[in-house]
Amino acid sequence: MERTPPDPQCAPKPFNTSIAVSEAESVLLLKTILTDEEGNFAVNLVPGRYVLHAKGGSVFPSCVPITIEVVADAFAHADIHCDTGIR
């Protein structure tokens, strides 16, 4: 639940964590990458569909895995959102 007007203390913030990368049709872990302090990351992948799962905490933050499509000669953009549980 967000307040109106929004509370600046509850604004989205970067999260430094690791991200597990697997093929979309498999549970086999391909790579684990680390984000920088601003939550940014980059990884080289061949064209295909992948699932990115950011590691959260033991309970929170809880991060929802996302599926991305990588095409040849292009960058794929991914925003991963994690819920802190703070309401």
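**Notebook: strands and core**

I began with serine 18, which counts as buried at 18% relative accessibility (buried means under 20% relative accessible area, exposed over 50%, partly exposed in between, with a 1.4 Å probe and protein chains only). Before going on I noted that this is a predicted model, where local features need pLDDT of at least 70, side-chain atom pairs count only at pLDDT 80 or more, and totals for chains, interfaces and linings use all residues. Residues are numbered from 1 along each chain as its sequence is written, and side-chain values use heavy atoms, with hydrogens and water left out.

**Serine 18 and its surroundings**

Serine 18 sits in strand β1 (helices, H or I, at least four residues, and strands, E, at least two, are DSSP runs numbered from the N terminus). I listed what serine 18 touches, skipping residues up to four places away in sequence, and got Thr32, Ile33, Leu34, His53, Ala54 and Lys55 (contact means heavy atoms within 4.5 Å). Leucine 34 in β2 stands opposite serine 18.

**Whole chain**

I then looked at the chain as a whole, and found 0 helices and 6 strands. Read from the N terminus, the order is β-β-β-β-β-β. Of the 87 residues, 23% count as buried. Taking contacts between residues at least 6 apart in sequence, I found that 38% join residues at least 24 apart. The accessible surface comes to about 6,900 Å², and 56% of that belongs to carbon and sulfur atoms (areas by the Shrake-Rupley method with a 1.4 Å probe; for residues, only the protein chains shown count as cover).

**Pairing**

Which strands does β1 pair with? β1 and β2 (residues 29-34) run antiparallel over 5 bridges (two strands pair if DSSP finds at least two bridges between them). These two form a hairpin, with 5 residues between them. β1 is also joined to β3 by 5 bridges, again antiparallel. Along that pairing I noted isoleucine 19 opposite alanine 54, and valine 21 opposite leucine 52. β3 in turn pairs with β5 in the antiparallel sense over 5 bridges, and tyrosine 50 has isoleucine 68 in β5 as its bridge partner.

**Core**

Next I went to the largest nonpolar core, which has 13 residues (a nonpolar core is a set of buried Ala, Val, Leu, Ile, Met, Phe, Trp, Tyr and Cys residues joined through side-chain atoms within 4.5 Å). Ile19, Val21, Tyr50, Leu52, Ile66, Ile68 and Ile80 touch the most other members. At least two residues of this core come from each of β1 (18-23), β3 (48-54) and β5 (66-70). β3 is mostly covered, with 5 of its 7 residues buried. I also checked isoleucine 68: leaving aside neighbours within four places in sequence, its contacts are Gly48, Arg49, Tyr50, Leu52, Ala76 and Ala78.

**Valine 27**

Is valine 27 buried or exposed? Valine 27 is exposed, because its relative accessible area is 84%. I placed valine 27 in the loop between β1 and β2.
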